Amino acid sequence: GQAMLAEAIMAPAEKIPIVICPAPFGTGKTFLTTSIGAQLTIFDKNPTYESIFVCPRDGELGKEIGFLPGDETAKTLAKARPITDNLESYLKLRGDKEKGGERKGRAQIKKDIEGYLKKYFECVSAIHMGGRSLSRMWIILDEAQEFERFQMNQFMKREADGSKMIIMGDPEQIYNHHLSKNSNGLSYAANKMRGSEYAAIITMHKGEITRSKASREIAKFLG
């Protein structure tokens, strides 16, 4: 599943502009999406994408964002920690390419991330997505099972030329009591786009959890 997901998200946006991945926690979907996006946007000599666009999962964010400190990017990043956590993991593995891949210290990586976030990332809450046209962007929607179908419909319509949109989440882990395994935005998008030549639907299962042995046992006994 990870190999198929990596192939789909590395494919040119002209061929596969939309990738939808319903998969359990711990299957590596967020890490692959974040690390490949960082490579194609930040580190390549001739970047394929101009920026990384992140829309947080919290459907209620629009009601509470005004009470959080900082500008909109800082506020929404507080709800998109899986992305920054996985970016940190990728930078640890990547090391300093100018020094033959030598590992960087945690403090230096944190400093690097701050710079990357300011220069390359745009984080916008769902409530502020209306009317946007997202061109040449690496678009990430994580925990998409928390989106309602209408929100998903509006979000996907923001994609424009040259962008890659990756939508992912775990339909088994839904905190919005208005949604179910089948009625959430992630499942809706996967079902509606299935059969499109421009969309790749990659489904993974509990047997593909790679985070840790403990994660596999948790999935087995707690669901």
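Modeller: Before we start, a helix here is a DSSP run of H or I with at least four residues, numbered from the N terminus. Keep in mind that this is a predicted model.

Colleague: Thanks! Where do Asp 85 and Arg 81 lie?

Modeller: Both belong to helix 5, which spans residues 81-94, and they sit four residues apart, about one turn of the helix.

Colleague: What makes the pair of Asp 85 and Arg 81 a salt bridge?

Modeller: The rule asks for a side-chain nitrogen of Lys or Arg within 4 Å of a carboxyl oxygen of Asp or Glu. Between Arg 81 and Asp 85 the N to O distance is 3.4 Å, so the pair qualifies.

Colleague: And why is Asp 85 called partly exposed?

Modeller: Its relative accessible area is 35%. Buried would need a value under 20% and exposed one over 50%, so Asp 85 falls in between. Arg 81, at 46%, lands in between too, so it is also partly exposed.

Colleague: How many salt bridges are there in total?

Modeller: The count comes to eight. One of them joins Arg 136 and Glu 50, whose closest N and O atoms are 3.4 Å apart.

Colleague: Why do you say that Arg 136 and Glu 50 tie together separate parts?

Modeller: Look at where they sit: Arg 136 is in the loop between strand 3 and strand 4, while Glu 50 is in the loop between helix 2 and strand 2. These parts are 86 residues apart in sequence, so the pair ties them together.

Colleague: Let's turn to Thr 27. How do you know that it is buried?

Modeller: The limit for buried is under 20% relative accessible area, and Thr 27 has 0%, so it counts as buried. Its place is the loop between strand 1 and helix 2. Beyond its sequence neighbours up to four places away, Thr 27 touches Gln 2, Met 204, His 205, Glu 208, Ile 209 and Thr 210.

Colleague: What does the side chain of Thr 27 reach at 2.8 Å?

Modeller: The backbone oxygen of Pro 24. A polar contact needs N or O atoms within 3.5 Å, and 2.8 Å meets that distance limit.

Colleague: What makes a group of residues a nonpolar core?

Modeller: They must be buried residues of the nonpolar set, joined through side-chain atoms within 4.5 Å. The largest such core here has 36 residues, with Leu 91 and Trp 138 among those with the most contacts inside it. Helix 2 gives the largest share, six residues. Apart from it lies another core, of 22 residues, including Ile 18 and Met 152.

Definitions and conventions. Residues numbered from 1 in each chain as written. Predicted model: local features only at pLDDT ≥ 70, side-chain atom pairs only at ≥ 80, totals over all residues. Heavy atoms only, no water. Buried < 20%, exposed > 50% of the residue type's maximum accessible area, 1.4 Å probe, protein only. Helix = DSSP H or I, 4+ residues; strand = E, 2+ residues; numbered from the N terminus. Polar contact = N/O pair within 3.5 Å; in protein donor to acceptor, adjacent residues only side chain to side chain. Contact = heavy atoms within 4.5 Å.
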